[in-house]
Amino acid sequence: MARRWLLVAALLGGFALLFALSSPVEAILLQGTFIDDNNSPHQNGIEAVAAKQITVGCNPPVNDMFCPNRDVTRAEAATFLARALSLPSDGNDYFVDDDGHILEGAINKLAAAGITQGCNPPANDRFCPDRSLTRAEFATFIVRALSLPQTSVDYFDDDDGHILESAINRIAEQKITVGCNPPTNNHFCPNRALTRGETATLLTRALNLPHNPQRIPLSNWNPIDCDKDGIQCNLNVETFDGRTHHIEEGFFNVLPYKPGEEAALTSGATTFKLFLNGSELAGSQLPVSSSSTAATRRWTILVTFAPGDHILVGEWRWNGTLIMRTTAFIEAN
């Protein structure tokens, strides 16, 4: 059976937001490199490919957007892979339908490396650069790029007999994909167009990009992910055993300070604590940082889960008062 991946943790971290001592606490999420991927389950992957300069954005010349929900084109996918793998050019022009295309160079590099053969077999003199790339096609690109080994395991029940089924099973075997229909994840959706966000996540896993560890935003109060009741929030996380995760949480105070707020923010009684199976985890407290509009205090902790079930509890206390408690039920397989 395919392993499932329900970690909705692709963000740069969550912060409890305090407008005043008596105000209710809300959750905010750091923006990251792009302004249009906040709350996307693929933000961590997007940050990873941005950090490696595999992508520069989708709206040149500003490039402050990634367009995570837009279908990735075959030419864009070629560019991502050519940059990620530092593919060389052999000077040949492989296809007749990309002449003058802004991404023609990357397409030819992909062909030179044997990662693509074209889009119109058996002639294969065309690449269809502006056509959306399917999930199965991208699986094939990854298999060829990384020379992934064969597997006898059949991970999904919606690709039986598909011409690219072998490639799909190979990337599942390597934990690059977990499926397209969580939490069951017995489907791969091979003929569905791949989004740019999904592409970033798959590349991050396939290439083990160094922006990992994956991040778990415990202060994310998205009702889809976190069942919130008052100051309590419960969520379920499924991950792979041995994978290290990054918890970064704290407090965000809008400036100017109101009476007593600065002292409360810097007080030793204002804390974020993390408990794994009842034991407190040691973390690093970062210095208070300030801008013209806000002051932030945060803690950062790395957590690696052994195989099995775990309970991860985060507690935020503002000047000694419990503001929020999140309990994450972890299943590490």
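Because the model is predicted, local features are reported only at pLDDT of at least 70 and side-chain atom pairs only at pLDDT 80 or more, whereas totals for chains, interfaces and linings use all residues. Residues are numbered from 1 along each chain as its sequence is written, and side-chain values use heavy atoms, with hydrogens and water left out.

Helices (H or I, at least four residues) and strands (E, at least two) are DSSP runs numbered from the N terminus, and two strands are taken to pair if DSSP finds at least two bridges between them. Strand E12 (residues 308–318) is joined by six bridges to strand E7 (residues 271–276), the two running antiparallel. Strand E12 is also joined to strand E13 (residues 321–332), again in antiparallel fashion, through eleven bridges. Trp316 of E12 takes part in both pairings, as the bridge partner of Phe272 and as the residue opposite Met324 in E13. E12 and E13 form a hairpin with two residues between them, and Asn319 in this turn has a positive phi of about 55°.

By the same rule, eight salt bridges are counted. Side chains of opposite charge can pair when their charged atoms come close. In one of the salt bridges, the side chains of Arg70 and Glu76 meet at 2.2 Å, N to O; Arg70 is partly exposed at 34% relative accessibility, whereas Glu76, at 13%, is buried. Arg70 and Glu76 also belong, with Arg196, to a network of salt bridges. In another, Glu137 pairs with Arg131, the closest N and O atoms lying 2.3 Å apart. Here Glu137 is buried, at 17% relative accessibility, and Arg131 is partly exposed, at 34%.

Glu137 also features in the second largest pocket, being among the residues nearest its centre together with Gly118, Thr140, Arg144 and Leu164, in a lining of 15 residues. On a 1 Å grid over the protein atoms alone, a pocket is an open set of points where a 1.4 Å probe fits, with protein on both sides within 12 Å along at least five of seven lines, and lining residues have an atom within 4 Å of a point. The second largest pocket holds about 370 Å³ of space, the volume being that filled by probe spheres set on grid points joined across faces, edges and corners. Helix H4 (residues 135–146) supplies the largest share of the lining, four residues. By residue class, the lining divides into six nonpolar, five polar and four charged residues.

H5 is followed by Lys175, which has a positive phi near 65°.

The peptide bond joining Pro121 and Pro122 is cis, with omega about 5°, and Pro122 is found in the loop between H3 and H4. Cys128, which lies in the loop between H3 and H4, has a positive phi of about 55° although it is not a glycine. A cis peptide bond also runs from Leu255 to Pro256, with omega near 5°, Pro256 being placed in the loop between strand E6 (244–254) and helix H7 (261–266). Cys189 likewise has a positive phi, near 55°, and is found in the loop between H5 and helix H6 (196–207); at 22% relative accessibility, Cys189 counts as partly exposed.

Notes. Nonpolar A, V, L, I, M, F, W, Y, C, P; charged D, E, K, R; others polar. Salt bridge = Lys/Arg side-chain N within 4 Å of Asp/Glu carboxyl O. Buried < 20%, exposed > 50% of the residue type's maximum accessible area, 1.4 Å probe, protein only.
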